[in-house]
Amino acid sequence: MSDHVYKIVKLVGSSPQGIEDAIDNALAKAGESVRHMRWFEVEETRGHIENGEVAHYQVILQVGFTLDD
């Protein structure tokens with residue numbers, strides 16, 4: 001097994017559709033410029049309420065990626 005070294009970035013994703021969409025949005029946008037993403041961890045989940053209903057979801061993620069050789 002090879003040794004692994006990861007760098008971690010923190011991302012904030014959002015979506016009016018749900019938590020999973022907020023995660024997907026953050027990872028998709030980061031994937032445009034960050035290579036070799038390997039894992040993520042949801043640090044925080046929150047949302048915006050309008051008229052007594054959830055109007056928007058927001059998640060804070062830590063994303064680990066491997067460094068180029």
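Guide: A nonpolar core is a set of buried Ala, Val, Leu, Ile, Met, Phe, Trp, Tyr and Cys residues joined through side-chain atoms within 4.5 Å. Buried means under 20% relative accessible area, exposed over 50%, partly exposed in between (1.4 Å probe, protein chains only). This is a predicted model: local features need pLDDT of at least 70, side-chain atom pairs count only at pLDDT 80 or more, and totals for chains, interfaces and linings use all residues. Residues are numbered from 1 along each chain as its sequence is written, and side-chain values use heavy atoms, with hydrogens and water left out.

Visitor: Which residues make up the largest nonpolar core?
Guide: There are eight: Leu11, Ala22, Ile23, Ala26, Ala30, Val59, Leu61 and Val63. Helix 1 (19-30) and strand 3 (53-66) are the elements that each give two or more. Helix 1 supplies the largest share, four residues. Helices (H or I, at least four residues) and strands (E, at least two) are DSSP runs, numbered from the N terminus.

Visitor: What is Ala30 in contact with, leaving aside its neighbours within four places in sequence?
Guide: Leu11 and Met37. Contact means heavy atoms within 4.5 Å.

Visitor: Why is the meeting of Lys10 and Glu43 called a salt bridge?
Guide: The term asks for a side-chain nitrogen of Lys or Arg within 4 Å of a carboxyl oxygen of Asp or Glu. Here N to O is 3.2 Å, so the pair qualifies. It links distant parts of the chain: Lys10 is in strand 1 (residues 6-15), Glu43 in strand 2 (residues 37-50), 33 residues apart.

Visitor: Why is Lys10 called exposed, and Glu43 partly exposed?
Guide: Lys10 has a relative accessible area of 57%, so it counts as exposed. Glu43 is at 35%, so it falls in between.

Visitor: How many salt bridges does the structure hold?
Guide: Three. Another joins Glu32 to Lys29, the closest N and O atoms being 3.3 Å apart. Arg46 and Glu44 also meet in one, at 2.7 Å.

Visitor: What makes Tyr6 and Trp39 an aromatic pair, and why edge-to-face?
Guide: Rings of Phe, Tyr and Trp (its six-membered ring) pair if their centres lie within 6.5 Å; planes under 30 degrees apart count as stacked, over 60 as edge-to-face and the rest as tilted. The centres of Tyr6 and Trp39 are 6.3 Å apart, so the rings pair. Their planes make 70°, so the pair is edge-to-face. A search of the whole structure finds one aromatic pair.
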